[in-house]
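Good morning, everyone. Please look at the screen while I walk you through one model.

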Amino acid sequence: MTTPKTATPAINEPRTGGTKPAAGSTSGTTTLKDSSGADSQPATRGKTSIADGVVEKIAGMAAREVSGVYALGGGLARTLGAVRERVPGGRPNVTSGVKVEVGERQTAIDLDIVVEYGVPITDVAADIRENVIAAVERMTGLEVVEVNIAVIDVHLPFDEEDNDDEARVQ
């Protein structure tokens, strides 16, 4: 006597026990998912992580866009940045004066800024906070819990360096 063979469902077809389970029963149908997660939304397939450097660049660019900000970073960082910009192919360091802490859903940002002489510092700080928070939250989806601003210097009009290099070199 031969035993009847039962058909095995295809990978994407649901397996059934042959009969519907009674109401309140824990046994029943099981849906198999293929490895692509076809039953889940595309946005929930996987994890996105954002590096600290990404948030630093976004915050640095957003802070520099605010009127009244002369520079970011301390004296040494600004000096090294000026040297870097003069090297052929060199780019400005947008992360100078920016420190961040990035978690899974939140970030905190610390900025060291130099303001132009004559601008209201509290207004500049408020504008920086608004611009940085908007840019970081829009681009990364992270919640910005705080933006701490340290005004480390005021740029005076007579602090401009004389560009005698152009006059000496022909």
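I will start with the overall layout, then turn to the charged side chains.

A word on the source. This is a predicted model, where local features need pLDDT of at least 70, side-chain atom pairs count only at pLDDT 80 or more, and totals for chains, interfaces and linings use all residues. Residues are numbered from 1 along each chain as its sequence is written, and side-chain values use heavy atoms, with hydrogens and water left out.

Layout now. The protein chain has 4 helices and 4 strands. These are DSSP runs, numbered from the N terminus: helices are H or I with at least four residues, strands are E with at least two. From the N terminus, the order is α-β-α-β-β-α-β-α.

How much of the chain is buried? Of the 170 residues, 23% are buried. Buried means under 20% relative accessible area, exposed means over 50%, and partly exposed is in between, using a 1.4 Å probe and protein chains only. The accessible surface is about 12700 Å². Carbon and sulfur atoms hold 51% of that surface. Such areas come from the Shrake-Rupley method with a 1.4 Å probe; for residues, only the protein chains shown count as cover.

Next, salt bridges. The rule asks for a side-chain nitrogen of Lys or Arg within 4 Å of a carboxyl oxygen of Asp or Glu. The count is 1 salt bridge. Asp112 pairs with Lys99, and their closest N and O atoms are 3.9 Å apart. Asp112 sits in strand E3 (residues 106-116) and Lys99 in strand E2 (residues 98-102), so the bridge ties together parts 13 residues apart in sequence. Asp112 is partly exposed, at 23% relative accessibility. Lys99 is exposed, at 51%.

Now look at Glu56, in helix H1 (residues 52-64). Glu56 is buried but has no salt bridge. Which side chain of opposite charge is nearest to Glu56? That is Lys57, 8.4 Å away. Beyond its neighbours within four places in sequence, Glu56 contacts Val94, Thr95, Val98, Lys99 and Val100. Contact means heavy atoms within 4.5 Å. Lys99, remember, is also the partner of Asp112 in the salt bridge.

That is the tour. Thank you.

Notes:
Lys, Arg positive; Asp, Glu negative; His and termini not counted.
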